[in-house]
Amino acid sequence: MGIKKIIVTGAQPTGGFHLGNYLGAVKNWCLLQEDFECFFFIPNLHAITCLSYSPKELRRNTIQMLAQFMACGLDPQKSHMFIQSSIRGHTELAWILSCLTPVGQLFRMTQFKAKSEQKDFVGGGLLYYPILMAADILLYNAHLVPVGEDQKQHVELARDLAIKFNQTYAETFDVPEPYILKAGARVYSLQEPTKKMSKSDPNRKGTIFIFEPIDDIRKKIRSAVTDSGTGITFSKNKPGIANLMDILAALTGLTVEAIEAEYGTYSYSAFKNCVAEAVIEHVKPLQERYLKLLKNKEYLDSVLEESKKVVQTHASRTMSKVYRKVGLF
Ligand code: AMP
Ligand code: TRP
């Protein structure tokens, strides 16, 4: 594993994966684990930046997220999988990095501005969130950080902090790069097909969750919003149909041209049925794996225990270097 480039990424333990996360991110992480040393973790410390969460639910969602990682194909034999709060180093490094971070840069973060506007209570954690994320990345000396467009600014802060630390103290960190997937795998809401599919969409019918009941998935796809035309053709004027075609393409590996050739004359409802069945066929084995994993709590615990030993060794190595260079004991 030693000479492979290092990948670090995290997925918050909220809501579970939807079809956009799966096709746009997780499916690709499964491929990355073949060629890179990957650290996939659940940023549960990031999940407590609002006061309104339920601790009991957070613990449950954290374990469920681990099971979702594995059900989707992340393999503990190939990758490190862990819970952020169970490794020492993330918060310590975040503190040290915070001393190098201009607060102005934190106040200018797009996500901070958007989230703090929506909230009555804005805790320091929300402002410091990107520093903790930089610590997650630098603690393992990541080369590449797969994230969505919305997290790019945070990875840029991690880059700035790596450079600043190296200049202030001594060469310590590799400078990480954001790894943004091409727009090809972007999935849109089934109800408003010009908007990204999102877990926070108030219209639950627009978002397909990978681990929701099969019947709900079928219903949601059958009631996807389309235009009033006919013909299965890929066009900007038909965003609903184009989205379903993209989904089918991503699942089957067919090109949209091949889909047009095969389904061009289908009615919209017949095509929706085909897409629904393709999605179901794809998610069914993932759901079966997920349920089996959730029933086997001991196995999940053993995965965490095993990977924790290795991950903690990496983190402790970085932290002892950092402490020495910063002049701490
Ligand atoms: P999120 O949970 O929204 O922060 O997204 C986690 C990952 O899933 C990011 O890497 C995003 O690029 C990806 N993702 C989220 N929503 C979509 C979408 N609608 N289509 C494609 N990829 C998405
Ligand atoms: N902030 C990321 C998100 O909301 C999750 C995250 C936390 C992360 N730490 C990270 C992603 C480190 C990549 C690397 O999606």
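Reader: In which helix is the place of Gln64?

Author: Gln64 belongs to helix H2, which covers residues 55-71. The model discussed here is a predicted one.

Reader: Why is Gln64 called partly exposed?

Author: The relative accessible area of Gln64 is 25%. Buried means under 20% and exposed means over 50%, with partly exposed in between. The value of 25% lies between these limits, and therefore Gln64 is partly exposed.

Reader: Which residues does Gln64 touch, leaving aside those up to four places away in sequence?

Author: Gln64 touches Tyr290 and Leu294. As for Gly123, its C-alpha atom is separated by 27 Å from that of Gln64, and the two residues are 59 apart along the chain.

Reader: What makes Asn141 count as buried?

Author: Asn141 has 15% relative accessibility. Setting aside residues up to four places away in sequence, Asn141 touches Ile6, Thr172, Phe173 and Asp174.

Reader: How do you know that Phe39 and Phe82 form an aromatic pair that is edge-to-face?

Author: The search of the whole structure finds 13 aromatic pairs. In the pair of Phe39 and Phe82, the distance is 6.5 Å centre to centre, with 85 degrees between the planes. Rings pair if their centres lie within 6.5 Å, and planes over 60 degrees apart count as edge-to-face. The angle of 85 degrees is over 60, so the pair is edge-to-face.

Reader: Which parts does this pair tie together?

Author: Phe39 lies in strand E2 (residues 37-42) and Phe82 in strand E3 (residues 80-83), so the pair joins parts that are 43 residues apart in sequence. Phe39 counts as buried at 0% relative accessibility, and Phe82 counts as buried at 2%.

Reader: What makes the pair of Phe107 and Phe112 edge-to-face?

Author: Phe107 and Phe112 have 75 degrees between the planes and are 5.7 Å apart centre to centre. An angle over 60 degrees counts as edge-to-face, and therefore this pair is edge-to-face.

Reader: Are Phe107 and Phe112 buried or partly exposed?

Author: Phe107 has a relative accessible area of 46% and is partly exposed. Phe112, at 10% relative accessibility, counts as buried, because buried means under 20%.

Reader: How many residues surround ligand 2, and which are the closest?

Author: Ligand 2 is surrounded by 13 residues, of which the closest are Phe41, Tyr129, Met133, Asp136 and Gln151.

Reader: What makes the approach of Asp136 to ligand 2 a polar contact?

Author: A polar side-chain atom of Asp136 lies 2.7 Å from a nitrogen atom of ligand 2. A polar contact is a pair of N or O atoms within 3.5 Å, so this pair qualifies. The protein covers 89% of the 360 Å² of accessible area that ligand 2 has on its own. Helix H6 (124-139) and strand E1 (6-10) are the elements that give two or more residues to the shell around ligand 2, and H6 gives the most, with 4 residues.

Reader: Where does Val187 meet ligand 1?

Author: A polar backbone atom of Val187 is 2.7 Å from a nitrogen atom of ligand 1. Taken alone, ligand 1 exposes 480 Å², and the protein buries 77% of that.

Conventions. Residues are numbered from 1 along each chain as its sequence is written. Chains are lettered from A and ligands numbered from 1 in the order in which they are written. This is a predicted model: local features need pLDDT of at least 70, side-chain atom pairs count only at pLDDT 80 or more; totals for chains, interfaces and linings use all residues. Side-chain values use heavy atoms; hydrogens and water are left out. A polar contact is a pair of N or O atoms within 3.5 Å; within protein, one must be able to donate a hydrogen and the other to accept it, and residues adjacent in sequence count only if both atoms are side-chain atoms. Accessible areas come from the Shrake-Rupley method with a 1.4 Å probe; for residues, only the protein chains shown count as cover. A residue is near a molecule or strand if one of its heavy atoms lies within 4 Å of it. Buried means under 20% relative accessible area, exposed over 50%, partly exposed in between (1.4 Å probe, protein chains only). Contact means heavy atoms within 4.5 Å. Rings of Phe, Tyr and Trp (its six-membered ring) pair if their centres lie within 6.5 Å; planes under 30 degrees apart count as stacked, over 60 as edge-to-face and the rest as tilted.
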